[in-house]
Amino acid sequence: MNSDNQNKPKENISKYLTPLIFPVLIWVIHLLSLTLNVDLTRMGLLPRVPIGLLGIITAPLIHADFSHLISNTIPLIILGWIIFAFYRKVAFISFIFIYLLTGLLVWIFARQVYHIGASGIVYGYVSFLFFSGIFRRDNTSITLALVITFLYGGLVWGVLPGMKGISWESHLFGGITGLIAAYMFRKIDPPSKKYDWEDEPDDFDVKDLEVSYDPEKNKFNPL
């Protein structure tokens, strides 16, 4: 059996299970915090405070309540599946890049309050998929960008300041980071899809259509 065929089932399993790891992790952490009655807010990201640097890692893992958790979980799964299915070579590194750079930018520029939640990653995912369609311009990426615009276009309002209890800075810098990732990895994935009919021989040669007109015999002759 061809080794490529043997690896396909493993790749398919990885493609669908890997994007679930992070959502499952944030659920486990939230349920443990409730069970142990521990408030994890202080482990969030506090800008421009040295101890707040730890929040770059921990903040996306912490959520205020179930509503906050669910609102991030669903898009994380949907967008994660799309990225790992169509951008396999850059999916993991894009996640790490968006995760860390978003947190760093929030730490440098955001208001000095505790920032928690994975919404910055959600915005990074949306931005990555949208701008990949613009930078790559292949049919697959453009189609995905249009789908993302239809599903999550309304998220653009989340980058505007003024919404109480919302870290709009995480949304803004997540979107910026996703744009940067889309540009950096624009030449990697998805492979251009070749359809079966493109390999089929033509039914006729274009040369067969080349003819000349003989006015004396009033007919067309092949060249």
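**Exercise 1. Is E169 buried or exposed, and what does its side chain meet?**

Step 1. Take the accessibility. E169 has a relative accessibility of 2%. Buried means under 20%, so E169 counts as buried. This is a predicted model.

Step 2. Find the partner. The side chains of E169 and R111 meet in a salt bridge, 2.6 Å from N to O. The cut-off is 4 Å.

Step 3. R111 sits in the loop between α4 and α5, and E169 in helix α7. The two are 58 residues apart, and the pair links distant parts of the chain.

Step 4. Check the partner's accessibility. R111 is partly exposed, with a relative accessible area of 39%.

Step 5. Count such pairs. The structure holds one salt bridge. Side chains of opposite charge can pair when their charged atoms come close.

**Exercise 2. Which residues of α7 are buried, and what covers them?**

Step 1. Check the helix length. The 17 residues of α7, at 1.5 Å a residue, should span 24 Å. The end C-alpha atoms lie 24 Å apart, which agrees.

Step 2. List the buried residues. They are W168, E169, S170, H171, F173, G174, G175, T177, G178, A181 and A182.

Step 3. Name the cover. It includes α4 and α5.

Step 4. Zoom in on one residue. S170 belongs to helix α7. S170 is buried, at 11% relative accessible area. Neighbours within four places in sequence aside, S170 contacts T102, V106, H115 and G120.

**Exercise 3. How do the rings of F95 and Y99 pair, and how do those of F109 and F173?**

Step 1. Start with the total. The whole structure has eleven aromatic pairs.

Step 2. Classify F95 and Y99. Their ring centres are 5.6 Å apart and their planes stand at 70°. Over 60 degrees counts as edge-to-face, so this pair is edge-to-face.

Step 3. F95 and Y99 are four residues apart in helix α4, so about one helical turn separates them. An α-helix has 3.6 residues a turn, so residues three or four places apart point the same way. F95 is buried at 13% relative accessible area, and Y99 is buried at 10%.

Step 4. Classify F109 and F173. The centres are 5.8 Å apart and the planes are at 35°, so the pair is tilted. F109 lies in helix α4 and F173 in helix α7, so the pair ties together parts 64 residues apart in sequence.

Step 5. F109 is exposed, with a relative accessible area of 54%. F173 counts as buried, at 11% relative accessibility.

Step 6. Look for a cluster. Ring pairs link F22, F95, Y99 and Y125.

**Exercise 4. Which residues touch the most other members of the largest nonpolar core, and which elements give two or more residues to this core?**

Step 1. Pick out the residues. The core has 28 residues. F22, L76, L79, I121, Y125, F128 and L129 touch the most other members.

Step 2. Two or more residues come from each of α1 (3–35), α3 (66–86), α4 (88–109), α5 (119–136), α6 (139–152) and α7 (168–184).

Step 3. Follow one member. L129 touches L79, I82, I83, Y87, S141, A145 and I148, not counting residues up to four places away in sequence.

Step 4. Look beyond. Another core of eight residues lies apart from the largest one. Among its members are I56, L105, A110 and F173.

**Exercise 5. Where does W81 lie, and which residues does it touch?**

Step 1. Locate it. W81 is in helix α3.

Step 2. W81 is partly exposed, with a relative accessible area of 35%.

Step 3. Read the contacts. Leaving out residues up to four places away in sequence, W81 touches K15, Y16, P19 and L20.

Step 4. W81 and T18 are 63 residues apart in sequence, yet 8.5 Å apart from C-alpha to C-alpha.

**Exercise 6. How many helices and strands does the protein have, and where is the pLDDT below 50?**

Step 1. Count the elements. There are seven helices and two strands. Along the sequence the pattern is α-α-α-α-α-α-α-β-β.

Step 2. Take the burial. Of the 223 residues, 38% count as buried.

Step 3. Take the contact range. Among contacts between residues at least 6 apart in sequence, 78% join residues at least 24 apart.

Step 4. Check confidence. The mean pLDDT is 86, and 79% of the residues reach 70 or more. Over residues 194–198 the pLDDT is below 50. Beyond near neighbours in sequence, that stretch has two contacts in the model.

Conventions: Residues numbered from 1 in each chain as written. Predicted model: local features only at pLDDT ≥ 70, side-chain atom pairs only at ≥ 80, totals over all residues. Heavy atoms only, no water. Core = buried A, V, L, I, M, F, W, Y, C linked by side-chain atoms within 4.5 Å. Buried < 20%, exposed > 50% of the residue type's maximum accessible area, 1.4 Å probe, protein only. Contact = heavy atoms within 4.5 Å. Expected span 1.5 Å × (residues − 1). pLDDT = per-residue confidence, 0-100. Phe/Tyr/Trp six-rings, centres within 6.5 Å; stacked < 30°, edge-to-face > 60°.
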